[in-house]
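Here is a structure to read with care, one term at a time. Each question asks what lies behind a word that is used for it.

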Amino acid sequence: MDVAIVGLPASGKTVVFQALTAGHGSASADSRGEHLGTVKIPDERLDRLAALVASKKVTPLEVRLFDLPPLFIRGAAPSGDAAETLGRADALLHVVRAFDRDDVPHPAGSVEPDRDVAAFDGELMLNDLAIIERRLEKLDISVRSARPEEREAGGREKTLLERCKAMLEGERPLRNQVSDPQDVKGLSNFGLLSLKQMLLVLNIDESQAGETAAAEAAFAERHSGGRTGCAAMCARLEAELAELSPDDAAEFRKELAVEEGGPERLLGKLMQLLGLVTFFTAAEKETRAWTVAAGGSALQAAGRIHTDIERGFIRAEVIGWSELLEYGSHTEARKHGRLRTEGKTYVVQDGDVMNVLFNV
Ligand SMILES: Nc1nc2c(ncn2[C@@H]2O[C@H](COP(=O)(O)OP(=O)(O)OP(=O)(O)O)[C@@H](O)[C@H]2O)c(=O)[nH]1
Ligand SMILES: [Mg+2]
């Protein structure tokens with residue numbers, strides 16, 4: 001999964017990146033100032049499964065985080081590497097400044113999170129409107145010379161694009177309006193930025209850090225919905241805490257009355273927003289977490305592990321993670337008839353431990 005960190009200049013993007021990568025990942029910077037980091041998603045279920053089967057290797061889910069330089073400076077559309085990173089991203093993490101600091105001027109002169117959310121969305125929507133208008137023009141030309149069946153497909157695309165155009169002209173980001181998976185798919189190749197799922201991260205002041213939950217709830221009330229999620233965090237504090245030993249961090253948190261697990265909670269919200277179901281493979285060689293889209297089948301799950309396993313799929317042995325822990329081993333679970341045999345169309349459930357039998 002690729003997530004791009006975006007936002008206005010000096011909103012704290014790089015500090016959020018540091019807070020998320022310092023504890024659970026690694027980071028590197030390239031010459032253009034774009035940072036790439038890998039964040040391992042902590043999952044207690046995975047650790048317990050790995051301990052149960054005494055795995056030599058434990059592989060958690062990973063998210064690739066891209067910390068981008070500020071976008072839309074003087075209205076310029078993203079170009080080059082930034083455009084490529086944005087196009088590929090599965091979600092945008094939009095850092096919204098709520099911290100106040102005289103020595104770090106806000107580009108708009110004052111700290112107003114709601115204004116910044118709207119302003120940034122406005123840029124995304126302008127970007128999308130230009131893309132859609134260009135595409136509609138092209139379609140008009142190509143439909144005239146097309147064969148009847150092509151004309152029909154072109155007509156459907158035109159209807160969809162015109163609907164999107166109306167949403168954008170009404171200043172509504174596409175992500176909260178277009179919900180039919182078929183439509184989302186139909187639009188997926190155009191690089192529409194307001195269609196991307198977005199986690200808004202309210203970057204609060206140290207002085208507010210003790211009231212993170214309340215700040216988050218109020219912010220979410222105004223901005224969450226559709227495919228937009230909300231979280232609050234004091235990025236600078238979390239980035240500093242992530243550098244400390246766990247004991248020192250815990251003590252410091254207590255002193256400041258800041259709740260545990262800020263970055264973990266943010267990552268949890270991100271996973272929730274992405275709508276992914278986590279499943280596991282557990283063996284002595286490796287225990288690993290994987291994902292499929294919610295509603296995904298056992299066959300799709302097999303394909304995530306390896307295309308050969310998908311191709312040669314025979315059946316899957318499935319058990320919920322907590323049940324496997326309860327029985328202590330696959331052998332015991334099988335003895336009690338709890339290891340289920342499922343076919344290709346089985347809908348994978350969050351927390352399933354799967355063993356796919358295949359033949360190639
Ligand atoms: N007090 C306070 N300062 C913060 C916080 N987050 C970021 N800052 C400060 O704000 C300044 C800008 O932070 P960055 O993370 O560099 O912001 P950015 O969005 O990456 O900036 P650009 O990449 O230049 O757009 C730095 O001096 C940070 O230390 C915060 O939560 N509290
Ligand atoms: Mg930065």
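Q: What is the volume of the second largest cavity in this predicted model?
A: The second largest cavity has a volume of about 30 Å³, and 2 cavities of 30 Å³ or more are counted here. The largest cavity has a volume of about 80 Å³, and among the 13 residues that line the largest cavity, Thr212, Met233, Glu238, Val258 and Gly262 are the closest to its centre.

Q: What makes a residue such as Lys269 part of the lining of the second largest cavity?
A: A lining residue must have an atom within 4 Å of a cavity point, and Lys269 is listed among the lining residues, together with Glu216, Arg265 and Leu266, among others. The largest share of this lining, 4 residues, comes from α10, while β8 and α10 each supply at least two residues of the lining.

Q: Why is the approach of Thr14 to ligand 1 called a polar contact?
A: A polar contact is a pair of N or O atoms within 3.5 Å. A polar side-chain atom of Thr14 lies 2.9 Å from an oxygen atom of ligand 1, which is within that limit, so the pair counts as a polar contact.

How values were computed:
Residues numbered from 1 in each chain as written. Chains lettered and ligands numbered in written order. Predicted model: local features only at pLDDT ≥ 70, side-chain atom pairs only at ≥ 80, totals over all residues. Heavy atoms only, no water. Polar contact = N/O pair within 3.5 Å; in protein donor to acceptor, adjacent residues only side chain to side chain. 1 Å grid on protein atoms, 1.4 Å probe; cavity = no way out; pocket = protein on both sides within 12 Å on 5 of 7 lines; lining within 4 Å. Points joined across faces, edges and corners; volume = space filled by probe spheres on them.
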